[in-house]
Amino acid sequence: MLKIRSSSLRSAAALITPAQPRARLSTGPQQEHRTFYEFRTYNIRPDQNAAFLKLTNEKIHLRTAHSELIGYWSVEYGGLNKVFHIWKYDSYSQRAAVRAALSQDPSWMSEYISKAIPMLASQDNEVTYLVPWSRLQRPPQEGGVYELASFLMRPGGPAVWGDAFQAAIMAHDAPGYGKLVGAFHSEVGLLNRVHALWWFESADQRAEIRHKAHTDARVVAAVRNSVVHLDSQENKLMFPCSFSPFK
């Protein structure tokens with residue numbers, strides 16, 4: 001009786017067994033660019049809100065001399081005594097160099113930081129990237145109101161919920177609705193969070209559009225497909241400051 005060595009059997013099996021696909025470790029499209037956007041939120045002491053905005057208006061040029069400011073807003077609904085601003089960086093090393101330069105800038109430190117810090121109750125930041133299908137776009141006109149809608153998605157990443165989220169956002173980014181300024185996903189901070197920054201002519205126009213969306217079958221269907229991946233959401237309505245590049 002012939003005896004066949006087990007090693008020979010394993011070799012033969014390897015020849016006839018189809019190769020198994022390699023597991024994908026990524027959870028979504030890979031980031032193609034190093035450019036990121038830092039979201040900053042400052043909570044201002046209630047008695048210092050007006051003074052903080054005045055000081056920032058007068059001294060913001062000291063800060064923008066070092067890196068690019070996208071927009072600076074005062075929160076009106078969805079939070080009180082808050083400002084929200086977005087800064088653009090080409091890389092983490094660029095941001096580190098900017099922060100180092102600011103700490104050595106005597107005008108920035110003495111004319112702004114020393115006065116502004118006592119006015120603040122807290123600060124928060126988040127590193128975000130534009131999602132692959134979104135580009136930063138200016139509103140069609142200055143003024144109006146901005147909405148930052150933030151969504152905490154269930155763990156799994158864009159490979160699980162990316163298509164549904166995109167469909168829900170794009171359903172709203174259509175004629176007769178708001179203008180999408182940009183869609184972002186978090187990289188550092190609370191993870192699995194995505195943001196949509198919208199522009200409307202006014203808060204009243206936004207309210208009218210919300211009511212319209214509730215009866216639009218196309219929008220309702222897209223939202224229903226997206227909410228199954230959603231854990232929570234929040235939003236805030238904001239007005240651009242006079243010195244904000246995005247007005």
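User: What makes strand β5 (residues 145-153) largely enclosed by the rest of the structure?

Analyst: Eight of the nine residues of β5 are buried, so the strand is largely enclosed by the rest of the structure. Buried means under 20% relative accessible area, exposed over 50%, and partly exposed in between, with a 1.4 Å probe and protein chains only. Strands are DSSP runs of E with at least two residues; helices are runs of H or I with at least four, and both are numbered from the N terminus.

User: What kind of model is this, and how are residues numbered?

Analyst: This is a predicted model: local features need pLDDT of at least 70, side-chain atom pairs count only at pLDDT 80 or more, and totals for chains, interfaces and linings use all residues. Residues are numbered from 1 along each chain as its sequence is written, and side-chain values use heavy atoms, with hydrogens and water left out.

User: How many helices and strands are there in the chain?

Analyst: The chain has seven helices and eight strands. Of its 247 residues, 42% are buried.

User: Which strands does β5 pair with, and how do you know?

Analyst: Two strands pair if DSSP finds at least two bridges between them. Eight bridges join β5 to β7, and these two run antiparallel. Eight bridges also join β5 to strand β8 (residues 230-240), again antiparallel. Both pairs therefore meet the rule of at least two bridges.

User: Which residues face each other in these pairs?

Analyst: Ser150 has His195 in β7 as its bridge partner. Glu147 stands opposite Trp198 in β7. On the β8 side, Tyr146 is bridged to Met238.

User: In what order do the strands of the closed barrel run?

Analyst: The order is β1-β3-β2-β8-β5-β7-β6-β4, a closed barrel of eight strands with antiparallel pairing. Neighbouring strands of this sheet are turned by 35° against each other on average, direction ignored. Axes here are lines fitted to C-alpha atoms, for helices over the stretch in contact, and angles run from 0 to 180 degrees between N-to-C directions.

User: Which helix lies across β5, β7 and β8?

Analyst: Helix α6 (residues 203-213) does, running at about 115° to β7.

User: Why are α2 and α4 called roughly antiparallel?

Analyst: They pack at an angle of about 155°, with their axes 10 Å apart. Angles under 35 degrees count as roughly parallel, over 145 as roughly antiparallel, 65 to 115 as roughly perpendicular and the rest as oblique. The angle of α2 and α4 is over 145, so they are roughly antiparallel to each other. Their crossing is left-handed, which means that the near helix is turned anticlockwise from the far one by less than a right angle; clockwise would be right-handed.

User: Which residues meet between α2 and α4?

Analyst: Contact means heavy atoms within 4.5 Å. Residues in α2 that meet α4 include Phe52, Leu55 and Lys59. Among those on the α4 side are Trp108, Glu111 and Tyr112.

User: What makes Glu111 and Lys59 a salt bridge?

Analyst: A salt bridge is a side-chain nitrogen of Lys or Arg within 4 Å of a carboxyl oxygen of Asp or Glu. The closest N and O atoms of Glu111 and Lys59 are 2.9 Å apart, so the pair qualifies. Glu111 sits in helix α4 (residues 106-116) and Lys59 in helix α2 (residues 49-64), 52 residues apart. Glu111 is partly exposed, with a relative accessible area of 28%.

User: How many salt bridges are there by this rule?

Analyst: The count comes to nine. In one of them, the side chains of Arg95 and Glu38 meet at 3.0 Å, N to O. Arg95 lies in helix α3 (residues 92-103) and Glu38 in strand β1 (residues 36-44), so this pair ties together parts that are 57 residues apart in sequence. Glu38, Arg40 and Arg95 are linked in a network of salt bridges.

User: Why does Glu38 count as buried?

Analyst: Its relative accessibility is 1%, so Glu38 falls under the cut-off for buried.

User: Which residue forms a salt bridge with Arg193?

Analyst: Glu126 does, with the closest N and O atoms 2.7 Å apart. Glu126 lies in strand β4 (residues 120-130) and Arg193 in strand β7 (residues 193-200), so the pair ties together parts that are 67 residues apart in sequence. Both Glu126 and Arg193 are buried.
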